[in-house]
Amino acid sequence: KTMENKQHQIELTTQFVKSFHQNEATGHDWFHINRVNNLAKKISKKEGGDLFKIELIALLHDVADHKLNDGDEKIGLKNVEDFLLSINIEGNLIKDILSNIENISFKGAEVLQKELSLEGMIVQDADRIDAIGAIGIARTFAYGGNKNRMIYDPQSKPEMHTDFGKYKNNTAPTIDHFYEKLLLLKDRLNTSSAKEIAEQRHQFMEIFLTQFYKEWNCD
Ligand code: NI
C-alpha cells in the first residue's frame with residue numbers, strides 16, 4: 001500500500017474513534033486515546049515496531065473495552081472488525097489488530113497476560129502509563145464517580161483478582177483500585193522505555209496516597 005493510502009486509513013480511523021469516544025466521562029475520552037497514540041509513537045522510537053500497526057492498535061484499543069460495551073467485549077471486537085473491513089485493511093492485519101486489542105487491557109491482578117505482538121506490547125505500555133500519575137489519578141476518580149463508587153472506605157480491603165469476571169464486576173471504593181491495579185502497573189510494563197517514563201508517575205501516586213491518608217486522618 002502506498003504511504004498516502006495508509007495516511008488516509010489513519011485519518012478515517014481517527015474520525016471513527018473520535019465519534020465513538022465522544023462525551024465519554026469515565027476517563028476513556030478521545031484525549032485518552034490521543035495520549036496513548038502519542039505515547040506509543042514515542043516509545044516506538046526506541047523500541048521499534050511497525051508504526052502503521054501501532055497507530056491502528058492505539059487508536060482502536062478501547063473501542064472493544066468491556067467498560068464501554070456493557071461488559072461485553074465481543075460486540076466491541078465485531079464493531080472494530082467491521083470498521084477495519086470498511087476501510088480496506090487486509091485480513092491478516094485485521095486478525096493481528098483484533099487479537100492485540102482483545103488482550104491489551106488489564107483483567108485482574110492475578111489473571112495471566114496473553115501474548116501480544118511488539119506493537120501490542122508498546123500500545124499496552126502507553127495505555128498503562130496513561131493509567132498512572134496525575135492523569136491516572138484523575139481518570140480513576142472520574143471512573144469511580146461514574147460507577148457510583150465510594151472514594152474510600154477504611155473497612156474495605158483491596159483484592160487481588162484471579163478472575164476477569166470478578167475484577168470487572170467489583171464495586172470497591174476507588175482507593176482500592178490503586179492497590180488492585182495502578183500501583184502494580186510499573187512492574188508489568190513490557191519495554192524499558194516505558195519503565196523509564198513510569199517511574200516518576202508511580203512515585204507521584206505514592207505521594208498522593210500518603211497525603212490522602214494524612215488528610216483523611218485530619219492530621
Ligand atoms: Ni485505554
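In this tour a residue is called buried when its relative accessible area is under 20%, exposed when it is over 50%, and partly exposed in between, using a 1.4 Å probe and protein chains only. The structure is a predicted model, in which local features need pLDDT of at least 70 and side-chain atom pairs count only at pLDDT 80 or more, while totals for chains, interfaces and linings use all residues. Residues are numbered from 1 along each chain as its sequence is written, and side-chain values use heavy atoms, with hydrogens and water left out.

**Stop 1: two asparagines in loops**

Select Asn148, which sits in the loop between helix H7 (133-146) and H8; helices here are DSSP runs (H or I, at least four residues), numbered from the N terminus. With a relative accessible area of 73%, Asn148 is exposed, and its phi is near 55 degrees, a positive value in a residue other than glycine. Now select Asn88, in the loop between H4 and H5, which counts as exposed at 58% relative accessibility and has a positive phi of about 65 degrees although it is not a glycine.

**Stop 2: helix H4**

Which residues of H4 are buried? They are Glu73, Gly76, Leu77, Val80, Phe83 and Leu84. Seen down the axis of H4, these buried residues fall within an arc of 125 degrees, so they line one face of the helix; the arc is that of the directions from the helix axis to the C-beta atoms. An α-helix has 3.6 residues a turn, so residues three or four places apart point the same way. On the other side of H4, Lys74, Ile75, Leu85 and Ser86 are exposed. If you display what covers the buried residues, you will find, among others, helix H1 (3-20), helix H3 (51-60), helix H5 (91-104) and helix H8 (164-169), contact meaning heavy atoms within 4.5 Å.

**Stop 3: the nickel ion**

Select the nickel ion and its protein donors, His32 (NE2), His61 (NE2), Asp62 (OD) and Asp127 (OD), which lie 2.1 to 2.3 Å from it. Donors are N, O and S atoms within 2.8 Å of the metal (3.2 Å for Na, K and Ca), and because water is not among the atoms, sites may look incomplete. His61 lies in the loop between H3 and H4 and Asp127 in helix H6 (residues 118-129), so the pair ties together parts that are 66 residues apart in sequence. His61 is buried, with a relative accessible area of 3%, and Asp127 also counts as buried, at 13%.

**Stop 4: helix H6**

Ten of the twelve residues are buried, so H6 is largely enclosed by the rest of the structure. The buried residues of H6 pack against helix H2 (30-47), H3, H5 and H10.

**Stop 5: Lys186**

Finish at Lys186, in the loop between helix H9 (174-180) and helix H10 (192-216), which counts as partly exposed at 21% relative accessibility. Leaving aside residues up to four places away in sequence, Lys186 touches Lys195, Ala198, Glu199 and His202.
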